[in-house]
Amino acid sequence: MPNDIVLRPRFQLLLNSPKESILYAFEKAKKNPFLVKRMDDHIFIKFNIEHTHFWSPQLHLEIIEGEDENACKIYGLFGPNPTLWTFFIFLHFGVGTLFTILGVWAYSNWTLDRPNGIQLASMALMVVLWITLYMAGREGKKKGKPQMHELHGFMKELLKS
């Protein structure tokens, strides 16, 4: 996890344990403040309601059987709450769409020798809004980083036992 630019950090682990024993260990894990849910070969670890804030991350693990029966590979992905992630993507898409529409409108007015100052100013506002969204996302990631380390530590602790 050394790369700070990555929005959703990923990792891989190779283990000398059978896949089913790892899945079972996660399924039976009960430790406050973590909630662990299993769906087939996927494990989702997040914080309970009392320890959750707007920027709280979650850890998604996919456990795949290795080359032999006594080995497995874990693919891990840290990410925000899926609802929050979808909301931010929606906002970015909306800002980009508005920017494009305003650009087409400004170009049309320019080719027709009509004033286009409002459209250009609105495009500049969209750029400022996009930068604000980006900075909010970066700040949110920074606020969620300590909990990301807690999730990773919980996973490591569970894999050692």
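Axes are lines fitted to C-alpha atoms, for helices over the stretch in contact, and angles run from 0 to 180 degrees between N-to-C directions. I note that this is a predicted model, in which local features need pLDDT of at least 70 and side-chain atom pairs pLDDT 80 or more, while totals for chains, interfaces and linings use all residues. Residues are numbered from 1 along each chain as its sequence is written, and side-chain values use heavy atoms, without hydrogens and water.

**Entry 1: two helices**

I looked up helix α1 (residues 19-28) and helix α3 (residues 117-160), whose axes come within 10 Å and cross at roughly 125°. Helices here are DSSP runs of H or I with at least four residues, and strands are runs of E with at least two, numbered from the N terminus. The two helices are therefore oblique to each other (under 35 degrees is roughly parallel, over 145 roughly antiparallel, 65 to 115 roughly perpendicular, the rest oblique).

I then recorded the contact (heavy atoms within 4.5 Å): Ile-22, Ala-25 and Phe-26 of α1 meet Met-155, Leu-158 and Leu-159 of α3. These residues comprise 6 nonpolar, no polar and no charged (Ala, Val, Leu, Ile, Met, Phe, Trp, Tyr, Cys and Pro count as nonpolar; Asp, Glu, Lys and Arg as charged; the others, Gly among them, as polar).

**Entry 2: Ser-56**

I found Ser-56 in the loop between β3 (42-47) and β4 (57-65). Ser-56 is buried, at 7% relative accessible area (buried is under 20%, exposed over 50%, partly exposed in between, with a 1.4 Å probe and protein chains only).
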